[in-house]
Amino acid sequence: MTTSQDNAFGILIAALGGEGGGVLADWLVQCARNQGLPVQATSVPGVAQRTGATSYYIELLRAPLADGTRPVFGLTPVAGRVDVVVASELLEAARMIERGFVTHRTTLLASTHRVYTTLEKMHMADGRQDAKRLVGAAQALAQRAVLFDMEAVTVKAGTVISAVMFGALAGAGVLPWPREVCEDVIRASGKGVQASLAGFSAAHDEAQQPTAVIPEVAGDARQVLSEARLPAHVQQAWAARLQGWPPAVQTLAAHGALRCRDYQNDAYATAFFDHVQALVDASTPSASDALEEGVRQLALWMCFEDVIRVADLKTRRNRYARVASEAQAKKGDIVRVTEHFKPGIDEVAAVLPRALGEGLMKLARRRGWLGKAHVGMHIRSTSLWGYLLLRSLARLRPLRPRSLRYAQEHETLAVWLAAMRQVLPQSPPLALALAGLPQVLKGYGETQARGRLNYARLWAQHVAPSLTSELDASTAANALREALKATLADPEGKLNSGQRPDAGGTQTMFWADRPRRGKPLTPAA
């Protein structure tokens, strides 16, 4: 005899805000009703957008009860008792796994694309969750895992991800009704029918034969250079520089050189190759991890962010195309982009010639302007005036090597490179920790100033003693690694409370009587 407990079937939907999870739940309920199946749907709202998600739980019977009795359904999902979990994003799938809803009885359908959390974005280094670990957990714990990039299918079909999730459910064969029932419900919904059906159909086919879950990064250094479409003489010269280096370093150096060329010019990329060659010459086979991390951080450091770089990136054609794609703008739609800036004295000084920049900073410290003199600006980069203003800033790139910020960065970079050459052959663990030190140098303005304080503190407390043999290399490596970890978890710079310089000196302060009507304000005795 089949009981209602044996006949029950639970579907859990995990979707982010605005993705149509409620619409998907309504579609599933309507399908069940059209098939004459008892069904119940509940939802648990989360916080807004990526900081949380709304979970929808649908419980139904695979077949009506023979005696016509009305079943009693659960209001919320129970760990270990969910048959199907469908998640609109990879970390949402991991959240369902963590809560015990994905087990040996569960079919998991999830998108492999990522929408990064606030905490991931706030991290001062790379705070992203490891996608391969998330996929591995899904494949290990679920009875069956159907994983593919639902976001890509959504964009291609011009629909919303709820229709794609619906198609994945139908294509995976987990619903107790045929595909046609789902399509009829979509047609009856009356809004965006053609796009929803296109997304449904594409996801239905994809769920039956999912493509590669996490694509690997393509190719070696030669492929990287050939895909960049460099001038022939530049490509030949770069290929010659890469010869003889370890394969992993070749690939990193190829990417780094392209980044430096895009950031400044060919000569700057050549200078990057010179620095890499010096690190390779100093390295040993046992220090390969430190060498690779050093090359990666070198490329990032040499392409530090300043106002010139930000203006350049914000006015590129591919950036506008990406914004329009993310806004799901259709052909003929008008997309307006407004940039928010709040430049201060330090950001202005950073792009001035060194002598002028240093003079302005001295004046600002003397007058107490640092941290106070900011101008809020809202510039519409899609307007003619806003675009020309930002492009004018980007055109200052040839003057960057004479700027104050450039001089400061490269002086510090030269000292770091010398330290790396010293410790690479002596202590690979210390070299690896030291290679990660530039991670604390981020952005521009207040963020950059806070990063420089972090860097100076870590250098004085951990790096300098190790270079002069005051600390054992192994001890210094462990201490620097832990200190760096703590610093990267401190975005507000609280660890620098004892390191902050006096920004504006002492200022005279006086008390005054409350002004009376008709009488001037005078200092109190």
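**Salt bridges and a positive surface patch**

Asp312 and Arg391 form a salt bridge, with their closest N and O atoms 3.2 Å apart. This pair links distant parts of the chain, since Asp312 belongs to helix α15 (residues 307-314) and Arg391 to helix α19 (residues 384-394), 79 residues apart. Asp312 is buried, at 10% relative accessibility, whereas Arg391 is partly exposed, with a relative accessible area of 22%. The model is a predicted one, and 22 salt bridges are counted in it.

The side chains of Glu339 and Arg319 meet in a salt bridge of 2.4 Å, N to O.

Another salt bridge stays within a single helix. Arg95 and Glu92 pair at 2.7 Å, N to O, and both residues sit in helix α3 (residues 90-98), three residues apart, or about one turn of the helix. Here Glu92 is buried, with a relative accessible area of 2%, while Arg95 is partly exposed at 24%.

Turning to the surface, Lys362, Arg365, Arg366 and Arg367 gather in a patch of positive charge. Of these residues, Arg365 is found in helix α18 (residues 354-367) and is partly exposed, with a relative accessible area of 39%.

Notes. Residues numbered from 1 in each chain as written. Predicted model: local features only at pLDDT ≥ 70, side-chain atom pairs only at ≥ 80, totals over all residues. Heavy atoms only, no water. Patch = residues over 30% accessible without salt bridge, like charges linked within 9 Å, V, L, I, M, F, W, Y side chains within 5 Å. Areas by Shrake-Rupley, 256 points an atom, 1.4 Å probe, with all protein chains shown as cover. Salt bridge = Lys/Arg side-chain N within 4 Å of Asp/Glu carboxyl O. Lys, Arg positive; Asp, Glu negative; His and termini not counted. Charge placed at Lys NZ, Arg CZ, Asp CG, Glu CD. Helix = DSSP H or I, 4+ residues; strand = E, 2+ residues; numbered from the N terminus. Buried < 20%, exposed > 50% of the residue type's maximum accessible area, 1.4 Å probe, protein only.
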